[in-house]
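Student: I would like to go through the labels used for this model and check each one against its cut-off. Please set the value beside the definition each time.

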Amino acid sequence: MNLDGQSRVFAALLPVAGREFAGNEREQGLEVRAVHRQSPSNRVREVQVTGTAEVCCPADRGSVRVSVGNSKDSVNDVTNSVSRRIEYILQAVRQHGVSDKDTSVRRFLHREAEQYHLEAEVVVTFSDFDKMERVRSVLLEKLDQSVCVGTPEFYHSAESLSLTRRRACVSAVENAKQKACEVSELLGQTLGSPLLVREEETKEWRNDDEEDGGRCQGAAPLPHLPRTPTITASSRVSVSFSLRDKSRKKL
């Protein structure tokens with residue numbers, strides 16, 4: 001094979017079945033094309049590689065809604081009754097190290113016949129799920145049936161989504177570089193510096209929408225526990241590397 005003249009070499013590599021990467025990153029496949037072309041000014045040897053990867057990430061936030069309601073003959077009485085319970089809820093949350101900025105309170109007062117009804121809702125956001133369960137246990141144990149402690153709702157923060165997308169892109173580039181190294185070795189070349197990196201396609205989906213749950217690796221959840229959703233982000237990139245002839249020595 002003479003790479004000094006006009007030539008084109010095409011190669012295709014199939015993915016390794018079942019191969020996985022740290023952080024549950026999975027290679028989906030790779031198409032490799034080695035191209036040699038000559039321009040009027042200089043000769044360019046390069047390998048053009050496309051690669052894909054997926055990254056799975058569980059939810060990193062959970063919120064709990066605590067509802068409080070009561071009815072009294074006067075506005076003052078019903079306000080005092082509900083406010084005492086709200087204050088106990090907020091105190092329990094603070095004692096577990098939850099910041100006030102992660103807590104919100106809403107109230108709704110209305111009248112029916114001769115009774116005043118006050119309904120309130122406290123929403124607390126957690127990044128520590130163990131702490132969330134401890135707070136829920138305290139509220140369920142200490143408060144009466146006028147207080148309803150809701151089931152946790154899980155979601156992904158904007159920071160977590162952004163990190164997952166970046167990890168998918170970086171992993172796809174790493175996979176492409178690994179395969180490009182193998183192809184350049186096969187062709188008797190040395191892989192040089194990258195010439196172009198382009199992300200061609202990105203996708204993401206919530207895995208709790210799938211029939212099988214689409215969970216990241218780990219133990220299956222108990223049926224009575226709320227499911228923690230996961231997000232999977234995929235990326236497909238195209239990368240071009242320069243090639244150097246192994247037989248040429250640097251001066």
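Student: What makes residues of helix 3 count as buried?
Tutor: Buried means under 20% relative accessible area, exposed over 50%, and partly exposed in between, with a 1.4 Å probe and protein chains only. In helix 3 the buried residues include Ser 160, Leu 161, Thr 164, Ala 168 and Ser 171. Ala 172, Asn 175, Ala 176, Lys 179, Ala 180, Val 183 and Ser 184 are also buried there. This is a predicted model, in which local features need pLDDT of at least 70 and side-chain atom pairs count only at pLDDT 80 or more, while totals for chains, interfaces and linings use all residues. Residues are numbered from 1 along each chain as its sequence is written, and side-chain values use heavy atoms, with hydrogens and water left out.

Student: What is the span of helix 3, and what is expected at 1.5 Å a residue?
Tutor: The expected span is 1.5 Å times one less than the number of residues. Helix 3, residues 158-186, has 29 residues, and 42 Å is expected. From first C-alpha to last it reaches 43 Å, close to that value. Helices are DSSP runs of H or I with at least four residues, strands are runs of E with at least two, and both are numbered from the N terminus. The protein has three helices and eleven strands.

Student: How do you know that the span of helix 2 agrees with 1.5 Å a residue?
Tutor: Helix 2 covers residues 129-142, and its 14 residues should span 20 Å; the end C-alpha atoms are 20 Å apart, so the two agree.

Student: Which residues of helix 2 are buried, and why are they said to line one face?
Tutor: They are Lys 131, Met 132, Val 135, Arg 136 and Leu 139. Seen down the axis of helix 2, these buried residues fall within an arc of 135°, so they line one face. The arc is that of the directions from the helix axis to the C-beta atoms. The face turned away from the buried side carries the exposed residues Asp 130 and Glu 141.

Student: What covers the buried residues of helix 2?
Tutor: The cover includes strand 5 (61-72), helix 1 (75-95), strand 7 (115-126), strand 8 (147-149) and strand 9 (153-155).

Student: How many aromatic pairs does a search of the whole structure find?
Tutor: It finds one. The rings of Phe 129 and Phe 154 have centres 4.9 Å apart and planes at 70°, so the pair is edge-to-face. Rings of Phe, Tyr and Trp (its six-membered ring) pair if their centres lie within 6.5 Å; planes under 30 degrees apart count as stacked, over 60 as edge-to-face, and the rest as tilted. Phe 129 lies in helix 2 and Phe 154 in strand 9, so the pair ties together parts that are 25 residues apart in sequence.

Student: Is Ser 238 buried or exposed?
Tutor: Its relative accessible area is 11%, so Ser 238 is buried. Ser 238 lies in strand 11, residues 230-245. Leaving aside neighbours within four places in sequence, its contacts (heavy atoms within 4.5 Å) include Val 49, Leu 196 and Arg 198.
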